Amino acid sequence: MTTTEHPQEVATAAASGASATERFHADKSPFEAVKDTPPERVSMLINDVLAGVHETIRKHKVTYDEYNALKAWLINVGEDGEWPLFLDVWVEHVVEDVATEHRQGNKGSIEGPYYVPDAPELGAKGTVPMRDDEPGDPLVWTGQVRSCDGSALAGATVELWHADDDGYYSQFAPGIPEWNLRGTFTVDDDGRFEITTIRPAPYMIPTDGSCGKMISAAGWHPWRPAHLHLKVSAPGHEQLTAQLYFPGDPHNDDDVASAVKPELVLDPKDDGQGGFTISYDFVLDPAK
Ligand code: DHB
Ligand code: FE
């Protein structure tokens, strides 16, 4: 069977989860960044997390059967490679809130597990790589990158990545060309860019692994609203990681990853030819 024709038939949680885990190990050196953290802080953080767990057990009289189910589930999350998925859906949004609360410019949203650095360079105006028959409505996005004082940030880059019309990300679900729906744009001298892509579909986090099991055991749903992911960088400025959403999506109000903010919802205009145009600018805070 050719995976190119039917990526959804072979996209499994095990595949997406394992790719996300592999990618995390390849791109990041997380321990280096915290190597000077004093033991007092490490101890305080661990103790507070454990106190929350202990309090939950006492409050709800957690049984040995429940404790053993938790133990088995935690082991399975690792075996499925789903720790990036679990953490980015249920924890990252709070880290993001804390990390960006001081900002005067755009605050942003979570990165999620599917960012890949060094996507193809497409200039200030271009079309992201896509298949000849890429399903989805065309989307043309114009915008500008500015600093908090209103000045245009020439030289800024906008990295864009998003799911396809089936909700799959290239390099994580099999059978999709490497850089499909991923690109790096460098703004012009006025800080402006124009990006052509397709409008992404709502995204369901994988349900066939341990996270899916937890969702169904709890009676939750696995949906994220349709979204565009981006990172905006400019010399001397804080990097912005954000997501943009579409109005009317039923999951804007109950995103499983709690990552929607009102200022991140777009105002798309019908282009009269079956596609949409959007306009959205970014304001970056000067680096501290
Ligand atoms: C997950 C996927 C996303 O596309 C996203 O934006 C956030 C989280 C996930 O599956 O964990
Ligand atoms: Fe996403």
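What follows is a chat about the cavities.

A: First, this is a predicted model: local features need pLDDT of at least 70, side-chain atom pairs count only at pLDDT 80 or more, and totals for chains, interfaces and linings use all residues. Residues are numbered from 1 along each chain as its sequence is written, chains are lettered from A and ligands numbered from 1 in written order, and side-chain values use heavy atoms, without hydrogens and water.

Q: How many cavities of 30 Å³ or more are there?
A: Two. A cavity is a set of points on a 1 Å grid over the protein atoms alone where a 1.4 Å probe fits but cannot get out. Points join across faces, edges and corners, and volume is the space filled by probe spheres set on them.

Q: What's the volume of the largest cavity?
A: About 140 Å³. Its lining has 16 residues, and the closest to its centre are Gly112, Pro113, Tyr114, Tyr203 and Arg224. Lining means having an atom within 4 Å of a point.

Q: Which element gives the most to that lining?
A: Helix H6 (83-90), with three residues. Strand E8 (227-233) also gives two or more. Helices (H or I, at least four residues) and strands (E, at least two) are DSSP runs numbered from the N terminus.

Q: And the second largest cavity, what's its volume?
A: About 40 Å³. Its lining includes Tyr115, Trp161 and Arg182. Strand E3 (157-162) and strand E4 (182-186) each give two or more residues. E3 has the largest share, three residues.

Key: 1 Å grid on protein atoms, 1.4 Å probe; cavity = no way out; pocket = protein on both sides within 12 Å on 5 of 7 lines; lining within 4 Å.
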